[in-house]
Structure formats: structure tokens, C-alpha cells
Amino acid sequence: MLFASPGFLLFVVCVWLVHALTPRALRWIVLLAASAAFYAFCGFFAAVWLVFCTVITYAGALLLHKQEPGKKKKATLAVVLLMVFGLLSIFKFAGFAAQLLPSILGRFSGGLLLPLGISFYIFQSAGYLIDVYRGKHEPQRNIAKYALFVSFFPQIVQGPIGRYDSLSPQLLAGERPTADSYRNGIQLIMWGLFKKLILADRAAVLVSSVFSDPSAHGGVVSVAAAALYCVQLYCDFSGGIDITRGVAEGLGISLDQNFAQPFFAISVQDFWRRWHITLGSWMRDYVFYPLSLSQLFGRFGRSMRKVFGTRIGKLIPTLLASFIVFFVIGIWHGGSWKYIIFGFWNGMLITGAMLAKPLFEGARNALRIKEDGKLLYVIRLLRTLIIIGAGRILTRSDNVTGALIMFKKIFTSPKTSEVAAGAFTKLGLTNEDYIVMAAAFAVLIICDIMEERGLKARSFIERRHPALQVLLMVAAIAVLLYYGAFSRGYISAQFIYGAV
Amino acid sequence: MDKLLAILADIRPDVDFTAETKLVTEGILDSFDIVALVADLNAAFNIAIGLTDLVPENFDSAEAMDSLINRKLT
Amino acid sequence: MSSKRWLICFTVILALILSTLAAYNLYADPFGVFGDPNFDWYAANMTNNPATAKIAYIDRHHTQYDSYIVGSSGTSYYPVEKLNEYTGANFFNLFSYGGDMYKTYLMAKYVIERYETKNLVVCLSISDAINYKSYGSTVTETLHKNITGEFPLSFYAKYLYANPKYARAKIDYKENYDRYLPLFFDVFDTSTGAYDDRVVNIEHIGSLEEYLEREKYSELKEENRRTYTPYLPRIDECVWRLADLKSMCEERDINFSVIFNPYHYSYCGQQDWNQIATFYRLIAGVCDFWDFMLSPASLEPRYFQDYLHIRTSLGAMALAKVYGAQDTYIPDDFGHFITAENVYDYTVSMPQRYADLLPEPGRSSQLEVILYHNIREGRASDNEISPDRFDEHIAALAAAGYNAVTLQDLLDFVERGAPLPDNPILITFDDGYESNYEYAYPILEKHGMRATIFVVGSGIGNADGDLAHFGWNEALEMSGSGVIEIGSHSYSMHLYPRPEEPGPETGRDGMGKYGAESEDEYIAALRADISAFNEAYSRNMGELPAALAFPYGVYTQLTEAILVEYGYKVTFTTMPGRNEILKGLPQTLYGLNRYTISGELTGDELIELLSTG
């Protein structure tokens, strides 16, 4: 079920009503039932994996809790983690394996489609398991209550990845949502719909027509497609998260923020702190810290100091760990060479930036550019956008070859004449679409600038005259209905079959 | 405390550690700094800061770090 | 405003807006999911989303059909009429947008499980190996709830709260723009489920250069050739679903056939042959199939509308090959029956076959058409020629190596691929003057040449002095001799003198429509005239006419489209110019150019005119 569909929104309204009318002690059961219903809508087959994951992590946590620290406990953790991540990799890599071994395995894997939201609930339950192992909190003994933590429906499709110690108590508390939280929830949902329906869906039309055949377009069109893909991805993903958080608000639950104005990042590292925050912090707490603080890495670092000197030697274990993190994030996106390269690309950029830091600082001092001047800020901002955009070309292309064609076009044949000849009107979008997108993007950027400066657009509106607020409400609903999802697409038949 | 501030200054000479109280929450110290810091603290004070201690509350200010060290020493 | 008041306000406003929207969408029903009671306009509903509208349509009309052809949009070009002719069944074209095998599979599964089915034809395209479940669940892309099992509430909510632009557009188009011929908003032929290709099937084709110069065919130009190799990640899923369909058909005793679509050579050239080989071998592992992807026909851009989509004429040729139809032109090396036994060798040979592609010789032919009117002693004008001068013209043509052809020769060439002689020329006379019988008939016979006379039905047999018209008896005599063929010059739409300002009082300009007339009135007048001519013609000549010359050369797409309905296969204008006709494309015989030959020209000047064009 799509978040931006009337069916889902109707479902949410029903769940909100039932939740509000149910006695406090039973509210968590309503949430669990709603989550089960949501998953049932999405297909029975997918639920099998969810149940499997829930049961083994539940049992694993109980077992870990009983065991004394030691090798045996470590082995238990390893086995359970292997089972859940093994499950994930079966689905993620079946296609990749088919690419490498186009034989029996390939034909078998053809039937496997990634079950809905599988990686999000796997990360969430793995985090829980590791926390129990580390003794951070007690395991949940009630399997139904635990199942709710794994399967809470708003976040199951695309996160945010929650932590047991902050999420589970909220889910079980059954707080009655206040009028404020309903209002916030509705506003968040509308904001998310705005991003998805007005911006992302429109951008997607152009993006897919350009990326489906990169050889047919010039460099200018390709750059525009890459830029719009960044916008599309951000609006689609963060819009979805806004809807998720809005739905949860109406159930009296506040979920973690997953984005912090990523377009204002001043470095690649900064970008990854602002993009998909909950995945980043999951990776930090469960992969990066354990690796870089492990004895193995420590010993390795000390031996490296002798080779490269203290500064670099100290950095090496952390760099290696962050490299591994990006590699993991890369393959988590999907089993394909392009994602592996994507992981390396980001890992290299961050490592490179750390190693070359003294060089940059030297250059900056030599050029007498102020540390926190506006110029430097803008340069950093643009540089980051370009680097991120380049990575996106790689991930959006069909394969590495497609991405290479696109890069080549960008650098060797911009084809500005094509643009003057109306190339942009032949990519599935009308002039009206471009105007709507530009206006919506302006609104988005203004709101992001306000956020970035610590201002809240919502409280700004709340201080206006009630009549104005009502007007705004009507306008917002009308804009969503009228400009949302009118993606008729480009149907060549209409062009060919119409009489003259 | 002075020993701690010296270590901190060594890692990030550009930060005034006596004044800041939201070092991690506001992103002044990133995960790379934390790793370097933990390695140095463990070595300097001969303590074992574990993975469960790596929460923002323990590293948001020099004071918080100091109390973490003291807890680990006892 | 307090949150409570805000919430109340919001709920009221939302409820008001949503109920208005729902009422509007229910009234217009732009996707036909609510039965479209107010418009019953499925041609437009299918244009918006064929997958939902066709299922809604079939659910009501399934008793009219017993066979289905399924696939992506390329499937539209296999004419249902031909399938019905070859199989004796009643086909419906169930194709939808997107080139997605999962969609195709679900659509096919739905009809064969639910409705009595005799034949299922699956058309495969390269896109089927690219997209699988890649469509969205928006109103324009989603499948019908009857297929997906989507909750009715969720499905109908989508359409009740669909963007009002769809409903507004439908109402606006219906009220202000709907015409007899399809426009961009109603491109489907509801009764067949295929694209309504009446307009494309009569459009002028012309020479290759002329064809490629047209904006809509520009992507077929060599300079716009693409080089990107499509990646085919979904071969496995596609073939898996094909196998499912096959076994479902076997269980139910349904004839199952598979056709792989033809492609323009530039798209074939983009392929990675290893991927295609994998795809073909897996398909052949499931079932035998007819492959049309690559052949010399791929080199003929005029068989294509863009590099992925063919013309219906080429689809008809493919069906002729599949069903072994006789008497139909099938291009060289077009269509191969692929089985598990031959697939290996076949796929190994594909790169070489691509490299060796050569255009089929003699596929197209130039054609000159010349036009005379009256023959009268001592006259020399655009409309009149003396018998001696006419004799000189015909002798000069014969001497210059021109071979007079008949309408039947032309039809044999385009429909059956029969060769035409070198330098073919069609000699025509308009109006049907007595003098044509008196002079032209014997002169032509003497030189062993032939001609076609276009008679005005109402004027036939009018003894009117110098401009007398011959009667049906003479017409029958001439046509019996094999020298002369008779065609139509309208029944009574050839007004003389030609009205300067056409209108209800002054009359119309040839078969044209005049401004004040509604489209319906015009069509009615046209039909009346054509029926009157056909009735008179068939009563006297014993068959139906196949050719018509437009009086004053005046016609529109609509005129041509109506004539096609009455079985006319060749039409003529008065535009001077050479023609190019093409085997397999009968539409190249519509709107043929003619040089009006003046009686002042000498024989040599005539040859000069024809050779310079």
C-alpha cells in the first residue's frame, strides 16, 4: 500500500479513531492489530519473513540475557545475527548472484522479490539484539509487545529505524494523543504529501525518461536529470518519513528525525550526518564504534603509526572502519556492482578528505580565505552537491555502463542547442509541470532554510490571523489535490494516433 | 580534569571545551573525534570505556566526560 | 487558533472539498471504473489507463469475445480483424502501457480464468525483459481491483479522489473537441481494444526522405540513432510468467501462441546479443514462438512509427506469416519459428544476421499518374486535348519505355508484393466524357496501353453536346476489354462551375466540407453520395468500385477515412508530383498525385515533364 494513496490515508484515519476510542491499556493491541492488518494488505507472503525475524530475535534476546558474558554469548549473538542478515542477503543478492552465475541459481532467484520493508525491521531488531547483548536494557518477555516494536506499521516501509529503549516504551504507554499532536500529525502528513506528489512524482517522470536511455540526451539534460533525481530522492524519501512521523504523532508516538536539510551539507561527511540519520547512527553504534574501538583495530593502528607516523597512524583504524561502513551501506542498497562502487566512492571521499585535511587548510591559509566566510561556505556547499549528485548518477543508472555514458555526455557533449530546440518539453513534463516544480521547490528551500536557522515554519503560521490560517488550509488541500500526481506521463500513442 | 582538557585540546584545538555543553548533540565532536578520544582516554587513565558508554550524555561536555572517567576509575 | 479549533476547521473543510471532488469524479468517471454512465466513452477511458478501463469494459462485454491478444503497447499493431479472419475467433486486444510482463500476465490470467477463451496470443517485447512490476499504483498505471484483489475501498477511493484535471479534461473534450476521428484524448478503438489507427493508416507515406523529415518520425533517422545498450535484468521473471500462462492455457485447452515483436534496425543494433540469446533460449525452453525482431523489414523506416513501434501493416504481415496466409505480401526473411531445437543456432546467428542486413530489392516503386479530361478535335487546353495529340502522347510514352499499369496491378503490388513493370505509369481520365470512349479507348488499345476513367455517377449517360458523358453500357464494354477500368469521381459532388464560396446555397467544393456544416451533417452527406455511387456502380458493373478521384482534388482525412469504410483502396488528388508506393503498405495508394496533362504539350514535352518531375 502506497503512503500517498487515498486507501492508506483512509486506513490511517480509521486507526487513529479506533486508537483514540480504545482504553489506554489496550491501545498497544490496537497498534499491533493495525500493523498486522497493514502487512496483510501488502501480501501474505511478505508477512512470513516478518514473523520469522521477530521470533528468532525475540528468542535470541532471551537466550543472550541468560548467558554469562564470554565466548558462548558472543557465538549466540553471531548465530542470530547471521540468521537475520542472512535472510536479508538472500533477497538482496539473489539478483546479483544471478548476474554472476546466470544458470540454475539465476532462474531460481527470478521468483524472489524483496519483501516489503525487510531491511528496516531487520536493522531495528538487530539493534535491539545487540543492545541486549551489551546489557543496555532487559529483553522484552512478551512476544506480542516485542512484535509491535518490530512491525509498527508507519515506519515499516522505509524507517526511520527506531531504537528499542526510546521507541518501545512509547508504543506500549498508550498515551492519548492531544489535539496538538493530531494537528502536528496532519500537518506533517500534508507536508510529506506535498513533497511526494508535487515534487517527487513530477521529477520522476523526467528522471526516468533520461536515465532509461542516457545515450539519447546531451550533457545539459543529463545534469538536469541528475539534479532532479537528487530532488526526487530527497522528496520521496523524506516526504515518506514525514508521513510516517505524522501518522505516529496521531497515535501519540514521536519517531526519530531522519533528515536534517541534507542540501545544506558542507562536506560529504556532513551530508551523511544529515541524510538517513537513523541508518547512519545505527551504522555508527553497531558497526563503526565496535570496529574502530576493537582490540584488533587498535593493534593495527599502533603498528601503522610506525609506518605512517602518528597522525595518519591514529587515523587509520577509524578510516578503515568508516570505509567498511560505506561498503556495507553500498551493498545494503542492493546487490549490484554500481552500489559497491558507490560505497567505495563515498568511503574514498571521506577518507581522502580526512587525510588531505592539512593540505586543504594550508591551501586555505595561503589563499587567505576566511575559515567561516560566506564564500567558503558556498564553495563547500556546491562542491558537496556536485559530489553527491555524481554518486546519484551512478546509483540511478541501470548499470555502471549507463552511468559512464552519462558522465561522458556531461563532459564532452553538453548539447545546448538541444535545449534551445525544446528538449525539455519532450521528456514527459509540460511547461506547467516545470512551473509547479519550481514553485514547490522554492517553498521547500525556504522551509529548509528556516529549519536550518532554527525557525519553525509551522509556529510562524500559527501566529497568523485565524482567517488566514483557514485560507491557507483550503489552499494547501486544493494544491495537493489539484497539482498532486497528475503524472499522465508521456504516451507516444497520443502523439501518433491523434488526427491532425 | 586538566589531563582531560589537555587530551581534548590535542584532538580538537579549535574547540573551547570549558564552555560547550552540547558537544555531541550539536555535532561539534563527530564520531571520528569520539573514537580518537576514547582510545586516548583509555590509554591515559588506564580505564575501559565500553560501547554502551558511547552515548551523547557522556560526551556532551568536558564535565560529563570527567564524571564518566571517575565512574570508570572506581 | 487553538489546536482544537484548527482540527474542527480542517475536518469541515476537508470533508467539503473531498465530497465535491468525489461527486465530480463520479459524474465524469474519466477512467471508466464506475461504469461511465454519463458518457459511455471508453475510447477516452482506455486512453487514460487501458489496464483498468479494458477490464471494466471486458467485464461487461466478454460475451462478444472468445480470444485475447496480450502484451505491451507493441501488441496493438497486430490487427484483430486479421486474427479473426485467420482463426475464426473473436479477438480482443488486451494490451496496456508499460511493457511489463507482470501486468501482461495478470491481465491474461484474469480473462482466461474468468471468461471462456479459445485463443491466447502473447506478444513479447524487449521491454518485457526490462520492466517487471515496475508500474505504480497511481490512477493512470494501476491494474483493476478485480485483478489485484485490492480492497474495493482503497481502489475506488483512488478514483473518487483522483486529480480533478482528468474529469475536467474529459468533460471539456467531450463537449468541445470530440470528433469522428480520434484525437489525442481518445486513441482507442473500444470494440477491438487496439489503438484507433484510422488516421495513421491513411496518412501519406511518400519517399523515405519525405517520411523521415516529419517531426514525429524523426527518431528513425540515422543521425538520431541511439547507442545505449538496454540492460535486460528481468528475463527470468518474464519467462517464468510466460511459462505460467502456457500451463494455464494447456489446462484449459486454450490455443497458446507467442510472437516476438519486430524492431527497427537501430534498436536491434543497440542490443547486447548475449542478453537476447539468453532471453530467446529461455523462451524457447518454455514454448515455441515466432520471432520477427530482426529482418530486412527492420531496415524500412516506413514500416515503423518509432524505433519500438511498428505500423499495423507490418503487424498484419507478421500475422500472415504466423497463420500461413496466402496471397499476402510477406517481406523476405521475415518471421522465424523458433523451437527448443533451433534456438541455439538461431541466436548464435543473430549478430551476423544483423551485420548482413540488406534492404529488400524492389520493395518500393516510383509511380507516375497522369490526368486527362475531355478529348475534342482542334482543342488544346488544360482540360481538353485533340485526338491526334493524345495519340502522340501515348505513342511517346510507349516509346520512352513507360508501361501502363492498372489499378489491379497497383493493388497486387502493395498487397501481395507482385512485381510492377519498370517505369510504371497510370493514365487517368476524370469526369467520364463520351470522347474518352470514342477516341481514347481505341487509341489506347492500338498502343497496348491501359487507363482508368473516373466517372461522375449522376452524370453518366448525359448526352449534352460536346461534353456528353458515356453511359453504363459503354463503361461495361470498356472494362470488359481490359483496356479501361472505371472508378468514382463522386456521385453528385462534382459541381461545375466550382463554387467560389462553398455553402448551403452555393454547394460544396468537391467532396469537401463547408464551414457552417457540422461534422455529422458532412459525414451524412458524404455517406449518401458514396452509397448512391456504389449502388449505381454495382448494379451496372456487377462489383464495387475500388478507386476514387477527388473532384478538384479536394479532400480531408475525414473524407479519406469514410471512403476506406466503403472499401475504397486507391484515391487520387490533382496535386502534381511523382508517387512512391511500397509493398506491404496499402496506404501508399491513398491520395496519389497526378500531373494534369495539358493538350498543348507535345509528346516530347510530356516525356520531359515526367522525367524532370
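How far apart do the closest C-alpha atoms of chain B and chain C lie? They lie 30 Å apart, and no contact joins chain B and chain C. Two residues are in contact if their C-beta atoms, placed from the backbone, lie within 7 Å.

First, the conventions. This is a predicted model, in which local features need pLDDT of at least 70 and side-chain atom pairs count only at pLDDT 80 or more, while totals for chains, interfaces and linings use all residues. Residues are numbered from 1 along each chain as its sequence is written, and chains are lettered from A and ligands numbered from 1 in the order in which they are written.

Now the chain pairs. Of the 2 pairs of chains in contact, chains A and C share the most contacts. Chain B puts 10 residues in contact with 14 residues of chain A. The chain B side of that contact has 7 nonpolar residues, 3 polar and no charged. Here Ala, Val, Leu, Ile, Met, Phe, Trp, Tyr, Cys and Pro count as nonpolar, Asp, Glu, Lys and Arg as charged, and the others, Gly among them, as polar.

One residue of chain A that touches chain C is Leu481(A). Leu481(A) sits in helix α23, residues 466-483 of chain A; helices are DSSP runs of H or I, at least four residues, numbered from the N terminus. Leaving aside neighbours within four places in sequence, Leu481(A) is in contact with Ile17(C), Leu21(C), Asn163(C) and Pro164(C). Is Leu481(A) buried or exposed? Leu481(A) counts as buried because 20 C-beta neighbours lie inside 10 Å. The cut-offs are 20 or more other C-beta atoms within 10 Å for buried, 12 or fewer for exposed, and partly exposed in between.

Next, a helix pair. The axes of α15 (residues 310-333) and α16 (residues 337-355) of chain A come within 7 Å and cross at roughly 155°. Axes are lines fitted to C-alpha atoms, for helices over the stretch in contact, with angles from 0 to 180 degrees between N-to-C directions. α15(A) and α16(A) are therefore roughly antiparallel, a term for angles over 145 degrees. Residues of this contact include Phe323(A) and Phe327(A) of α15(A) and Gly343(A) and Gly347(A) of α16(A). By class, the contact has 15 nonpolar, 7 polar and no charged residues.

Last, the domains. Chain A is divided into domain 1 (6-176) and domain 2 (177-255 + 398-488), with bounds from an automatic or database domain assignment. Their C-alpha centres lie 30 Å apart.

How values were computed:
Helices (H or I, at least four residues) and strands (E, at least two) are DSSP runs, numbered from the N terminus. Angles under 35 degrees count as roughly parallel, over 145 as roughly antiparallel, 65 to 115 as roughly perpendicular and the rest as oblique.
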